[in-house]
Amino acid sequence: MPIRSKRSLSSNGRNPPRSSKQAKVEVVIVDESPSKHSTASSGSLPLSELKQRAVNGKAARPKETPASKNPPKEAQKVLFSSSRKIISSDEEDDDEDDDIEESSEEEWSSEEEKESKDEKELSAEESTSSGEEWGVKRKVTKPKKAAKPKKSAPRPKKAVGKAKAKDSGKDDKAIVGANLDSDSDDDDVPLSAAGHYVSEYEKKRLQNIQENAAFFESIDIQSAKNNLSEVSGSAKKAARPRGLQPRKNGKAPLPPPRTRSLRLQNKNPEGAQLPPKPEPAPLYQNMHPRKPAGPMDMTATNVKGDDKGLGDRFQQDLHRLAKTSIPNSEVKDRLTLSQESFLKSAQSMTIAEERLAKVTPERIFSLAVHPSTTKMLVCAGDKWGRLGLWDVESKEGDDGVYLYNPHSRPINCLQFSPVHHGKLYMCSYDGTMRCAEFEKDVFSEVFSTEEDRDSLVKYFDFLSEDGTTCLVGLGDGDVAVVDTRTKGSEAEHLYPAHDRTIKTVSVHPTQRHYFVSCCNDSNVYIYDLRNMKKKGSQQFVASLYQHSRSVSSAYFSPASGSRILTTCFDDRIRVFDSSTIGQQTVKPLRELRHNNQTGRWLTPFRAAWVPGRDDLFVTGSMKQPRQIELYNDKSTLLHTYMDPDYLTSICSINAFHPTQHLLAGANSSGKVHVFSASSFSAASKKSPGSPRVVLKKLAV
């Protein structure tokens with residue numbers, strides 16, 4: 001009869017620690033070979049007969065159903081193959097059980113040596129079948145042959161127990177099912193003739209399988225399946241014609257188009273045709289249409305009623321400025337001043353409360369400082385075409401601020417005439433260029449594009465030394481030559497220069513037939529105006545490469561034109577050598593890494609030269625605390641203009657006074673900050689006094 005012993009297993013089938021107190025699982029060991037410890041009974045059969053029954057049972061075994069793979073937990077048992085070597089690992093077994101297992105180990109080892117290869121494969125198949133019946137998905141591998149125990153050196157009883165516990169991990173591979181419930185009872189599970197446990201649940205499952213097989217056999221489903229395959233196989237596809245294929249006559253007709261609504265047909269509900277609708281103008285033109293052509297009165301919009309006398313007095317001051325000439329000695333002093341001396345004076349420039357004011361209602365796009373040495377006059381152009389003139393040392397009206405409205409869209413460039421200081425030229429995105437004539441109190445129209453063409457006037461520079469001829473950059477990539485002395489507002493010449501919109505143009509200060517222009521496609525070219533063609537592609541003199549993104553500005557140095565300063569959105573400010581114009585490509589002499597990512601709501605940085613110098617330039621900064629930076633042509637930071645009380649915003653546009661130590665910086669909210677030296681106020685004819693600056697929103 002079978003020999004039974006107990007071993008302690010964990011829930012995952014691994015060897016538990018010796019000190020763990022887990023539920024014990026009963027292990028059934030079937031002894032198929034006769035021994036002196038076993039007795040004959042009706043339940044034990046010879047090994048050859050058991051093999052024959054197993055082979056017959058495998059051939060007739062039906063396919064398992066999913067329902068059969070989930071027997072109750074109470075019915076799960078640990079089953080071992082009849083050809084496996086199984087050793088109990090319980091160290092707490094009594095001496096009698098140890099003797100029995102030691103004897104069985106020798107007999108099973110001798111029996112395994114006699115088994116053939118087919119018997120081993122049959123044992124593995126029976127173990128796999130048993131695992132599938134009890135729903136335990138574990139990999140079953142062939143066991144290794146156990147080594148014969150040496151009888152000459154018998155192990156002590158305690159050593160045998162330890163060896164059993166050590167080898168129990170190897171025998172886990174032969175486990176097919178495990179009962180994790182320590183309270184289950186062996187009497188509820190009968191033992192079949194083949195050595196497998198068959199529960200009532202398994203008997204019911206086998207009975208259902210047999211009944212289903214008998215039902216399918218009664219309806220002869222196999223013959224029906226064979227007949228269906230014969231019918232489906234006989235219907236073969238027609239052979240595809242080889243060679244040229246016949247063409248189809250036309251395509252399938254399209255569905256008729258849907259009837260358009262009366263609104264789309266421009267008809268009234270009765271079906272009568274309505275007059276044609278005018279084409280809608282662009283949105284910005286609807287909001288801010290272009291100003292009427294011709295001259296406009298120069299009247300301040302923030303001076304009304306009783307304050308008109310203030311406007312008249314300011315106009316008289318402008319008349320006097322227009323007649324004032326700048327001594328050439330002051331201009332030469334700026335040119336001959338050494339960098340150390342200039343830096344010493346620049347470091348003495350400070351800002352005060354009266355040097356800060358809101359000059360325009362909207363974001364400032366352009367800035368200019370009047371060249372007068374007796375009056376601080378700062379001019380700023382904003383986003384919607386308003387021009388603000390600020391008398392810095394005045395405390396009348398809106399603290400010396402006077403607002404005009406000559407354009408309808410951003411004023412992107414402001415420059416005083418190099419000879420006549422009573423003329424302020426400006427260009428706007430509305431496609432026009434005007435001149436504020438202080439003596440005549442008018443905004444005269446200098447140049448305008450066709451209104452239907454919608455070409456923006458982006459930037460300009462003086463082409464002649466006396467300022468009568470200008471070079472204008474347009475939004476469609478063309479450059480125009482404009483003579484301010486001729487009647488009308490048309491350009492004298494129009495040349496294509498870029499494929500996309502031009503950002504800035506700058507004329508060489510000594511060789512005025514050369515100019516440099518930049519574009520938002522990262523191209524910067526030097527052109528010779530004498531070789532420009534009115535149609536077709538242009539041949540540039542030189543290309544300033546290494547720009548990878550849109551270029552905001554490109555300027556010749558104002559003294560000799562030997563340097564070109566560019567500002568690019570790739571976070572670089574570059575200085576190029578333009579002393580030898582003629583090379584196809586010009587490499588940068590210096591490259592300064594600078595944060596130029598101003599974003600959508602700030603005016604882009606445009607680094608600008610200090611007037612009259614080839615070695616100094618100024619630019620805005622994104623750093624904290626807010627500051628304006630002064631560099632030399634070797635990209636060395638020389639000085640930062642900052643004040644935690646009065647400079648608290650980013651000044652994108654900056655401009656120096658042409659001859660004096662005065663710096664103006666404009667931000668994107670309409671405010672202007674002025675840094676000046678004490679020497680400028682001392683030279684002023686008017687006493688600076690102590691005006692109180694009140695920042696308030698300008699009346700429009």
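## Helix 8 and its two sides

On one side of helix 8, Arg-320 and Lys-323 are exposed, where exposed stands for over 50% relative accessible area, buried for under 20%, and partly exposed for the range in between, with a 1.4 Å probe and protein chains only. Helices (H or I, at least four residues) and strands (E, at least two) are DSSP runs, numbered from the N terminus. The buried residues of helix 8 are Leu-310, Gly-311, Phe-314, Gln-315, Asp-317, Leu-318, Leu-321 and Ala-322.

Helix 8 has 16 residues (308–323), which at 1.5 Å a residue should span 22 Å, and its end C-alpha atoms are 23 Å apart, which agrees. The expected span here is 1.5 Å times one less than the number of residues.

## Basis of the model

This is a predicted model, in which local features need pLDDT of at least 70 and side-chain atom pairs count only at pLDDT 80 or more, while totals for chains, interfaces and linings use all residues. Residues are numbered from 1 along each chain as its sequence is written, and side-chain values use heavy atoms, with hydrogens and water left out.

## The chain as a whole

The secondary structure of the chain comes to eleven helices and 31 strands, and of its 700 residues 46% count as buried. Among contacts with a separation of 6 or more, 60% are accounted for by residues 24 or more positions apart.

## Nonpolar cores

In soluble globular proteins, nonpolar side chains tend to be buried together. A nonpolar core is defined as a set of buried Ala, Val, Leu, Ile, Met, Phe, Trp, Tyr and Cys residues joined through side-chain atoms within 4.5 Å. The largest such core in this chain has 39 residues, and those with the most contacts inside it are Met-433, Phe-460, Val-472 and Val-479. When neighbours within four places in sequence are left aside, Val-472 is in contact with Met-433, Phe-447, Val-457, Tyr-459, Phe-460, Asp-478, Val-479, Ala-480 and Val-482. Apart from this core lies another, of 24 residues, including Leu-310, Leu-387, Phe-416 and Phe-443.

## Two open sheets

Strands of a sheet pair through backbone hydrogen bonds, either parallel or antiparallel, and two strands are taken to pair if DSSP finds at least two bridges between them. Strand 29 and strand 30 (residues 662–666) pair in the antiparallel sense over four bridges, and Ala-664 in strand 30 is the bridge partner of Ala-655.

Another open sheet of four strands, again with antiparallel pairing, has the order 17-18-19-20. Strand 17 (502–507) and strand 20 (542–543) stand at its edges, each with a single partner strand, so one side of each is left without a neighbour in the sheet. Strand 19 (residues 524–528) and strand 20 pair in the antiparallel sense over two bridges, with Ala-542 in strand 20 as the bridge partner of Ile-526.

## The hairpin of strands 27 and 28

Strand 27 (residues 628–632) and strand 28 (residues 637–641) run antiparallel and are joined by four bridges, with Leu-630 standing opposite His-639 in strand 28. The two strands form a hairpin with four residues between them. Thr-640, which lies in strand 28, is partly exposed, with a relative accessible area of 22%. Leaving aside neighbours within four places in sequence, Thr-640 is in contact with Gln-627, Ile-628 and Glu-629.

## Backbone exceptions

Most residues other than glycine have a negative phi, and most peptide bonds are trans. Ser-635, in the loop between strand 27 and strand 28, has a positive phi of about 65° although it is not a glycine, and Ser-635 is buried, with a relative accessible area of 16%. Asp-220, in the loop between helix 5 (200–218) and helix 6 (221–234), also has a positive phi, near 55°, but Asp-220 is partly exposed, with a relative accessible area of 42%. The peptide bond from Gln-624 to Pro-625 is cis, with omega near -5°, and Pro-625 is placed in the loop between strand 26 (616–620) and strand 27.

Notes. Contact = heavy atoms within 4.5 Å.
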